[in-house]
Amino acid sequence: MTMNRSATLHSLLSILFTWSTAAAQSPTPRLLVDTDLRPAAVVPPSAQGFLNLGAYTYFAATDALHGRELFRCRGHAAPAELVADVLPGMGSSEPADLTVVGSLLYFSADDGRHGRELWVTDGTAQGTRLVVDLVVGPLGSVPQGLARGIGATVLFWAYTAATGRELFVSDGTALGTKLVVDLTTGATGTEPGPILTVGGVGFFSTGPGNLYATDGTAPGTKQLVTLTNVQEMAALGSKLLFFASQDPSGSEPWVSDGTAAGTTLLKDVHPGPGGSGSFLGFRTAGDGFLVVGSRAFFPAHKPQGGIWSTDGTAQGTVEVAGAPQSWTFQSLRSFGGRIWFVSPALGGVLPLGMILWRSEGTQSSTVPVAYFSEGDHLPQLEVAGSRMYFHAATKTEGMELWSSDGTVAGTRIVRDLAPGPAGSFDGRSSGLLHADSGGGLLFNAGTSGGAEVLYGTDGTTAGTQPLKGIGQPPLGATRGAEVLELKAAAGLMWFRAGDALWRSDRSASGTFAVGAKLGPGASRAEVPDDLSLVGIGQRALFRGWDPAHGYELWSSDGTTAGTSLVEDSNPGPADGLLTTGFARSGDEVYYLATSSDQGAWQLRATDGVGPSRMLARYPTYYSEFRLSALGRVDGRQLLGTLAWYESDLQQQVWSTDGTAGGTKQHFSAYQNFGRYRNLAPQPETFVELGGLAVFLTLDSFSTSYPSLYLTVSDGKSVQKLNVTTQVEGPVVELAGRAFFLRASALFATDGTQAGTGAVWTSANELGASGLSRAGDRLFFSTNTLTYEPGTSTYLGTASALWRSDGTTAGTVRVSDLAGPIEHLTAIGEHVWFTTDAGLWTSDGTAAGTQLVTDALRVRAAVADRGTLWLAADDGVHGLEVHVIGPLPHAQDLAGACGRGSGPRLRGTTPQLGRDLRLSLTGGVASALGLVWLGAPQQPVNLGAGCELHVAPGQVVSPVRCDSSGTWTATLPVPDLPALRGLRVHAQVGLGSTSQPPLGVDFSNGLSLGL
């Protein structure tokens, strides 16, 4: 039946104008509140990103406003300054391979338009420019291995479609940037190796280890020798020193004067295939050549560790210091007229601690300076000013920065940045040490939260301070409390910040933590990282913790006073609720708990107020559980459980009518692949197709990845359809069919094997993901990994956004984008998603696919009632909650009750000047009722699973279902701009029916927004 348009117009207009005070919202993200007032953390440079040029030290780092860009500072005590914002805004150009040629600094960067290409700077923003766009488009030529060339040029490896990756040379101009030589003819390319210019000759190696010399031209590029594993290149006068392997000598030192005849094995220090390269023939970082005047020192093995010296000739290559008690020496440095290095201290078979050594070049002068018994880390040694710096660990201070003036008494900790045995380095920083241009040292230190901060030091405690200017947020800005999960329930959004539970109604004043202090002697409920929460009426049930009760079931109405413990299922501080996941059915919530008196895990039901009751019992030997709701069919709730202990994993599908006798296990799948439990989607996505539940289950295992089955149930039995392997959730309903993704294909099913098959497939895409429904269309994304032709060199990920109306012809490519598409989320007729460039939105057309902002790095996205909720980092406040909206939408809410799953109300997205279409399915044949349209309210629990989402007193029109229990209506929406931002709820009540206890069936609520 269709309601009369004119009869409803007056009612609709009165309602619209009654609540038309809502302001229209811009699709711009806004921060709700700052949940954490601790100091901001700095994202430091990498160890390879520091380089001194003149009075400045240059490096790539991240600050609060510009993303990761090129910075410089005049020594450790001076503030850092931005050289240039190559990728404007919060986006990062990621400068890399910094190389000095004369007074210029070359580097690779991505400005967001040309892809990663070659850039040059004189240290000023005006003097920072793109040298050449070798490969037009967003991927670029990806320069790497930049090194000083012949004269005022730079040598580097770069990719083009015509040559693959080959050696290029540049004088800093586009015309002067040329291919040196196409070593591997055609588009296959050459595997790059290190580059070093010595005495007017450019040396480089290719992937297999072949050594070449070049003058920067194709005719002047000659292969010198065929080797393997060329590394640790160093210049000794006009000669090249390097380590390489060649049968039968193994890894040994070599020398070259730039000619084939002059490229020879320097000395077979340790005869035999193992070589002297290092212990067991494997070289480690920091054990290369140390050039001091006319000689070079290097660690070698014969077979024990020792220090050798060479003048570039075989006769002049001699051992100067040995230590038979050590496996290896490394990180050679010249300091105070002596050679310094470190080695592991042996404790039985394995290294125990570290020894700092010094030597004057003789066996007798090689003595230990300091011994550290903690850790097995062999640090980098760095000389800055009058001191030498390194990381070392003690039992009381953990691993921190130390320095030495060359004496035992003068070897001391610089500053204990993280008091206690954890230390500021061990596992929490990359250990960067760099002597800056002002005689001091730059280094990073880890914070307790795992972030890294860039410091400068002059070797004194007082002179060890965070580097100013870099990574420091504006005044008053703060670091976030790591907001990671967002859950919509009870008309509010809930999230974890720190260890506290927060709620939000989308306003700053309505965003605050709940469950702080519950009264005298009571404690606060903390929530774990994996926030488990479900709404029932105006309350949210969640898994919380306090010292007196452990992990148990808690409840909150969104206020501190209304947050309390529901039940201590395992009395005392022992945990009773270690599981994740809740399942709501009607007026009850199902969950898994354990108790000492019951001696097993139990499936329990609660209304969130009174005592819970047990429905079924699980084996005791499983240590962890996960519960998920699969939907309600024919009056029965379907549940999925995953249980595991170590590597054993068991999945079960259950149905229940809310009684112990009516709780039935349908199948149980047992496998020994618990290590994959975090990779596989769980049985938590449900759609209903004419009385059938369609969902995914994990049931079989291959050598690489678990398989997922498409599963259907009528509430009485469970049937697995023959669709497995690489099936991905979610399952989405459209026009009476369920859609899902499998590899690079879009599948649809009507719930039968015969009605299940591929709608669209592509052999050119590498997987599809993110299936989402926006209005009457489906959206998903595909990825393609891009490599150099004929090589394994990875260039980047090309992604595409797709839309579909559920047919093969109606599945079309919307837009191609660089970087993987993630967090695909639908609101109304639009989808929102992220790429490496930032946050995007799309209306399903190429022209309507636009970048919203590059100022956020999104970690989670949830759409609820026309609002896009983002857990995102804006570079200033840390990982906090940002919102966009409200936006035009039509979203189903909970609360349906009646026969089966109850009547279902759906609507089209409201638009000014167009008809709003409402449709009801699943009603009782010929039933009469009313449709309400009114102000949104938090759900009111009416009993029997019914929830009221509309403020009472706003009846739009009567409803009359046809013989199939359906009803449709169209409502005109005036073309009045003042109505933008309006939000209303709709709901239908049908009666009189035979369903107790209300005698009225209610549809779900429907949230509508303009």
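Two residues are in contact here when heavy atoms of theirs lie within 4.5 Å of each other. Keep that in mind for the views below, which show a predicted model.

**View 1**

**View 2. Ser 585 in its strand.** Here you can find Ser 585 within strand 46, which covers residues 583–585. Ser 585 counts as buried because its relative accessibility is 7%, and buried means under 20%.

View 3. The strands follow the order 74-75-80, and their pairing is antiparallel. Strand 74 (904–907) and strand 80 (967–972) form the edges, each pairing on one side only. On average, neighbouring strands of this sheet are turned by 15° against each other, direction ignored.

**View 4. Strand 74 beside strand 75.** Moving in on this pair, we see strand 74 joined to strand 75 (residues 915–921) by four bridges in the antiparallel sense. Look for Arg 906, which stands opposite Ser 919 of strand 75.

**View 5. Stepping back to the protein.** Of the 1010 residues, 54% count as buried. The protein exposes about 39,000 Å², with carbon and sulfur atoms supplying 54% of that area. Among contacts between residues at least 6 apart in sequence, 49% join residues at least 24 apart.

How values were computed
Residues are numbered from 1 along each chain as its sequence is written. This is a predicted model: local features need pLDDT of at least 70, side-chain atom pairs count only at pLDDT 80 or more; totals for chains, interfaces and linings use all residues. Side-chain values use heavy atoms; hydrogens and water are left out. Helices (H or I, at least four residues) and strands (E, at least two) are DSSP runs, numbered from the N terminus. Buried means under 20% relative accessible area, exposed over 50%, partly exposed in between (1.4 Å probe, protein chains only). Two strands pair if DSSP finds at least two bridges between them. Axes are lines fitted to C-alpha atoms, for helices over the stretch in contact, and angles run from 0 to 180 degrees between N-to-C directions. Accessible areas come from the Shrake-Rupley method with a 1.4 Å probe; for residues, only the protein chains shown count as cover.
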